[in-house]
Amino acid sequence: MAEAESLTGSEYVAHHLRHNASAVQQGLFDPSVVHYDTIIFSLLTVALVLIVMRLAAARAIAGVPGRFQAFIEMIFDLVDEQAKAVVTVDRTYAAPLALTVFCWVALMNAIDLLPVDWIPRLARWFGADHLRPLPTADLNAPLGMALGVLILSLYYGIKVKGLFGFLKELFVAPFGQVHLSLNPLTWIGAILLSLANFGLNIIEYVSKTFSMGMRLYGNMYAGELLFFLIALLGGSFALDSVHSVLVGSALGFAQVLVGFTWEIFHILIVLLQAFIFMMLTLVYIGQAQESHAPH
């Protein structure tokens with residue numbers, strides 16, 4: 001809490017919200033800036049997930065499983081049931097993908113449960129003035145993952161329907177198509193209706209991608225900010241305890257109580273946001289495989 005003592009509240013929060021980046025970011029989303037901390041912690045967490053899953057698969061035994069194997073199998077069965085209910089055509093990699101997404105997002109979110117000054121203080125020992133360890137509170141990471149889901153949706157849509165069928169559906173769904181005749185008005189109507197269908201489909205793809213990324217980012221950013229505000233009570237406790245034992249003790253008790261309460265509640269948010277991101281991944285891939293063209 002030493003930082004909260006030497007900085008004002010707004011300076012403390014602003015300091016913790018800065019990334020270890022290649023340049024100063026201009027605006028909420030700036031593709032020209034690379035956030036090194038987001039990349040490092042994203043890669044570390046996904047590597048840890050893959051290693052743990054690989055160990056679980058390598059140590060799996062038939063018969064009575066151990067606690068670790070039983071835990072992994074329980075999670076996989078839960079995810080597999082969701083995949084079967086949502087993805088109805090090609091489920092070859094649906095369950096493994098969903099399990100990886102859930103564990104990855106949950107582990108990234110769980111970084112927010114660590115005390116807010118631990119990792120930045122450790123980074124200063126290595127000469128880094130700023131380090132923001134929570135990848136999902138950086139808009140670049142959730143949007144990048146949502147873009148990956150979009151690419152997978154397009155891939156499965158083309159794989160299941162064929163390139164021609166996929167492109168055709170872009171222009172005939174959701175309003176259908178005009179039956180062409182010698183009447184030139186039917187040709188004009190067909191062109192206008194095709195453009196309307198194509199525009200709505202593009203808007204749907206873009207809006208689903210942005211909403212998917214923004215939902216995860218918004219929830220984790222808000223949770224991270226609350227942890228910073230709670231940490232400021234520790235600085236206030238250190239300052240006010242000098243002048244008033246009663247006020248300082250009240251602030252110290254408030255920080256412990258509020259921090260513990262929010263920590264417990266935030267565990268639910270961490271898991272819930274991971275589950276929602278996993279379900280949206282399955283839903284979007286499942287929707288991409290279904291035919292939406294009118295018969």
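## The second largest cavity

By class, five nonpolar, two polar and one charged residues form the lining of the second largest cavity, where Ala, Val, Leu, Ile, Met, Phe, Trp, Tyr, Cys and Pro count as nonpolar, Asp, Glu, Lys and Arg as charged, and the others, Gly among them, as polar. The lining residues are Ala146, Val149, Leu150, Ser153, Tyr205, Lys208, Thr209 and Tyr284, and the volume they line is about 50 Å³. Helix H7 (140–172) and H8 each supply at least two residues of this lining, with H7 giving the most, four residues.

On a 1 Å grid over the protein atoms alone, a cavity is a set of points where a 1.4 Å probe fits but cannot get out, a pocket is an open set with protein on both sides within 12 Å along at least five of seven lines, and lining residues have an atom within 4 Å of a point. Grid points are joined across faces, edges and corners, and a volume is the space filled by probe spheres set on the points.

## Basis of the model

The model is predicted, and local features need pLDDT of at least 70, side-chain atom pairs count only at pLDDT 80 or more, while totals for chains, interfaces and linings use all residues. Residues are numbered from 1 along each chain as its sequence is written, and side-chain values use heavy atoms, with hydrogens and water left out.

## Other spaces

Three cavities of 30 Å³ or more are found in a search of the whole structure. The largest cavity holds about 130 Å³ of space, and of its 14 lining residues the closest to its centre are Asp112, Val116, Pro133, Glu224 and Phe228. Its lining has 10 nonpolar, one polar and three charged residues, and helix H6 (118–124) and helix H8 (184–243) each supply at least two residues of it.

The largest pocket contains about 340 Å³ of space; of the 19 residues that line it, the closest to its centre are Leu17, Arg18, His19, Gln25 and His35.

## Fold and the setting of Ile72

The protein chain has nine helices and zero strands, taken as DSSP runs numbered from the N terminus (helices H or I, at least four residues; strands E, at least two).

Ile72 is found in helix H4 (residues 67–86) and counts as buried because its relative accessibility is 13%, buried meaning under 20% relative accessible area with a 1.4 Å probe, protein chains only. Leaving aside neighbours within four places in sequence, Ile72 is in contact (heavy atoms within 4.5 Å) with Met53 and Ala56.

Terms used
Buried means under 20% relative accessible area, exposed over 50%, partly exposed in between (1.4 Å probe, protein chains only).
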